[in-house]
Amino acid sequence: MRELIISTGNEGKYKEIVSTLGDTFDRYYSLGDFDEKVVVEEDSPLYFENAMKKARKVGDRFNMATLADDSGLEIEALGGKPGVLSARYGIDDKDRIERVLQELNGVPWEKRGAVFKAYIALYMPDKGWVYIFYGQIKGFIGFEAKGDLGFGYDPIFYIPQLGKYLAELEMETKNRISHRGKALNAMKEFLNADFFIRSRKR
Ligand code: IMP
């Protein structure tokens, strides 16, 4: 039986990850499924280090394969902010969105370019290995919020190729094109080709 802990307290992320991975694993656990709370401080300025730390600490504690995502939004006109601090840029999603819109006040469309980055760490405690997968999506920060799907900064992230904001996309569509979806799909391909999955399918 292939089991995976998804080490996040972010419900939006959790749903996207489970939906993208589908039957890659037989059973998924969230941190809420365990009585013991494992505290992991995301103290690195590097996404991949935070992702690795989260996956390792939780995976070692519960002795199970563990996935962690560290992601963020980098806005060109703000010198890459909020970046690795995206989750801490305000008290809640609404507040963070208002702050970004405020900081971009007066910035014209062509200078509102942004990128979402996702680093996915997959840790196997039995082998002691951590694999890292990366995905990104480029777009623009709109002048106001639009759409009510998704989570986080989705309502202000505009994708010119689709003529839509991320918060206007159904989860399945978002997962096909998003930073997280790309990283997870790379992980799926790797696992399907790798002996790890084949050896566990038997
Ligand atoms: P962390 O990875 O837990 O540090 O949090 C990443 C933060 O980046 C989230 O709390 C969101 O604010 C933002 N973020 C990451 N991915 C997305 C996304 O797909 N849509 C909207 N916001 C996101």
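**Patch, ligand site, strands and salt bridges**

User: Which residues make the nonpolar surface patch of about 230 Å²?
Analyst: A patch takes residues with over 30% relative accessible area and no salt bridge, joining like charges within 9 Å and nonpolar side chains (Val, Leu, Ile, Met, Phe, Trp, Tyr) within 5 Å. A salt bridge is a side-chain nitrogen of Lys or Arg within 4 Å of a carboxyl oxygen of Asp or Glu. Areas come from the Shrake-Rupley method with a 1.4 Å probe, and for residues only the protein chains shown count as cover. The nonpolar patch of about 230 Å² is made by Leu46, Phe48 and Ile132.

User: What kind of model is this, and from which number are residues counted?
Analyst: This is a predicted model, in which local features need pLDDT of at least 70 and side-chain atom pairs count only at pLDDT 80 or more, while totals for chains, interfaces and linings use all residues. Side-chain values use heavy atoms, with hydrogens and water left out, and residues along each chain, as its sequence is written, are numbered from 1.

User: Is Leu46 buried, partly exposed or exposed?
Analyst: Leu46 lies in the loop between strand 2 (27–30) and helix 2 (47–62); helices (H or I, at least four residues) and strands (E, at least two) are DSSP runs, numbered from the N terminus. Buried means under 20% relative accessible area, exposed means over 50%, and partly exposed is in between (1.4 Å probe, protein chains only). Because its relative accessibility is 40%, Leu46 counts as partly exposed.

User: How much of the ligand's area does the protein bury?
Analyst: The ligand is surrounded by 18 residues, the closest being Lys13, Asp154, Lys174, His179 and Arg180; near here means a heavy atom within 4 Å. An N or O atom in the side chain of Lys174 is 2.8 Å from an oxygen atom of the ligand, and a polar side-chain atom of Asp154 lies 2.6 Å from a ligand nitrogen atom. Taken alone, the ligand exposes 490 Å², and the share of this that the protein buries is 94%.

User: How many residues of strand 5 are buried?
Analyst: In a regular strand the side chains alternate between the two faces of the sheet. From strand 5, Gly113, Val115, Lys117, Tyr119, Ala121 and Tyr123 point one way and Ala114, Phe116, Ala118, Ile120, Leu122 and Met124 the other way, and all are buried. For strand 5 (residues 113–124) the count of buried residues is 12 of 12.

User: How many bridges join strand 5 to strand 6?
Analyst: Two strands pair if DSSP finds at least two bridges between them. Strand 3 (residues 66–75) runs antiparallel to strand 5, with 10 bridges; there Asp70 has Tyr119 as its bridge partner. Strand 5 and strand 6 form a hairpin with 4 residues between them, and Gly128 in the turn has a positive phi of about 80 degrees. The antiparallel pairing of strand 5 with strand 6 (residues 129–141) has 12 bridges.

User: Which side chain is joined to Glu74 by a polar contact of 3.0 Å?
Analyst: Glu74 lies in strand 3 and is buried because its relative accessible area is 19%. A polar contact is a pair of N or O atoms within 3.5 Å; within protein, one must be able to donate a hydrogen and the other to accept it, and residues adjacent in sequence count only if both atoms are side-chain atoms. The contact of 3.0 Å joins Glu74 to Lys117.

User: How many residues apart are Arg180 and Asp69?
Analyst: Side chains of opposite charge can pair when their charged atoms come close. Arg180 is buried, at 2% relative accessible area, and so is Asp69, at 1%. The two side chains meet in a salt bridge of 2.6 Å, N to O. Arg180 in helix 5 (residues 179–193) and Asp69 in strand 3 are distant parts of the chain, and their separation is 111 residues.

User: What is the omega of the peptide bond from Lys81 to Pro82?
Analyst: Most residues other than glycine have a negative phi, and most peptide bonds are trans. Asn63, in the loop between helix 2 and strand 3, has a positive phi near 50 degrees. The bond from Lys81 to Pro82 is cis, with omega near -5 degrees.
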